[in-house]
Amino acid sequence: MMSPNPSPDDRGSSHAPNFRHTPLQIIHVIGNFLRIWSVYSMYRYLSRTGASVVLFIFSCVVPSSIIFLVLQKPWRGRPLSNTQVVPAVINGGITALYYILWGIGLKSCGPVRAILAEYSGAVLGVLSAALYGRRGHILKKTEQLSDVKSMVAPVFAGILSALRRVIARRISLKNQLKRRLHAITIASATCFLFPVAMWDMIVGSIKVELPFSPWAFSSTILFGIILIFYVDSIAEEKLHMVFSSPRHIMVAGGCLIVMEIFYKMDFSLPGFLICCTLLGFGIYEATSLDHGKRDNVHGIDITNGIFEEQNQRSPLPS
């Protein structure tokens, strides 16, 4: 049976969700801007003071885990099963390794490359390193080898970032459950980071210093770890915008341009736009293939359902 044509009121009402989502989109932009601002603050702190990356991250993850536990209270409500808690704890180890590699990559190659590598993962991260030069020159031969070496840590961090997000989605289907398990994951990451931080403090280097900077620590804790989790959760639940999506990259790219200009970094706008375009195109193609597969499977299921329904309605003659 053909569906009736939608009335003008129905067509007009389809635009209503867009207006309802406008405040959420504004929150998403502001949240990502604050997170990227905290990244630049962390980079300036690490590059100027020479502080240990591991100790800085550990000092930020500890209060963040306490805040998550207080807010989410994973011990309350419906008891969590072992099939949920164990992957969340394992995901904490992956998250701890991600934080370390991403911090090392941030200190060695700067905010733009570290953030693009987080989006790109492996292949496109290396491509971004080749196109975006340290001093704003595209394909600068004298620094090509060092650029590739400096991108190893953030590229692996990007892979781990994607892995930990996949695990979090697999073990938690409900929103409230996802937040409770995330609190367990961050607490687990703190436990995994503790021996590494102690090793770095005792025998990792001859002189370990961690000068206190209120803005660097507070912005990383509040914006870089806590706020961005809730902002990304809202974007995924309400706006259907996952982290690895072209729209998410557009928001991050605009924030990066503003921060590069504000901090007067060595920035090449054409090179950056080329990297973001290639990155967005690659992710768009990857998500298009994934959506195509899902649509094919969904179409096959619908076809099978219609065929079975017709068989039930029209039995064979005796």
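In these legends, contact means heavy atoms within 4.5 Å.

This is a predicted model, where local features need pLDDT of at least 70, side-chain atom pairs count only at pLDDT 80 or more, and totals for chains, interfaces and linings use all residues. Residues are numbered from 1 along each chain as its sequence is written, and side-chain values use heavy atoms, leaving out hydrogens and water.

View 1. Look for Ala197 in helix 9 (residues 175–204); helices here are DSSP runs of H or I, at least four residues, numbered from the N terminus. Ala197 counts as buried because its relative accessibility is 0%, buried being under 20% relative accessible area with a 1.4 Å probe, protein chains only. Setting aside neighbours within four places in sequence, Ala197 is in contact with Val54, Leu55 and Phe58. Leu55 sits 142 residues away in sequence, yet the two C-alpha atoms are 5.5 Å apart in space.

**View 2. The largest nonpolar core.** Such a core is a set of buried Ala, Val, Leu, Ile, Met, Phe, Trp, Tyr and Cys residues joined through side-chain atoms within 4.5 Å. Of its 57 residues, Ile36, Phe56, Phe68 and Trp102 touch the most other members. Helix 3 (residues 53–72) gives the most to this core, with 9 residues. Beyond four places in sequence, the contacts of Phe56 include Met42, Tyr45, Leu210 and Phe217. Apart from this core lies another, of 5 residues, including Ile171 and Leu181.

**View 3. Two helical spans.** Residues 84–102 are 100% helix and 0% strand, with end C-alpha atoms 26 Å apart. Residues 180–203 are also 100% helix and 0% strand, and here the end C-alpha atoms lie 36 Å apart.

Technical notes
Buried means under 20% relative accessible area, exposed over 50%, partly exposed in between (1.4 Å probe, protein chains only).
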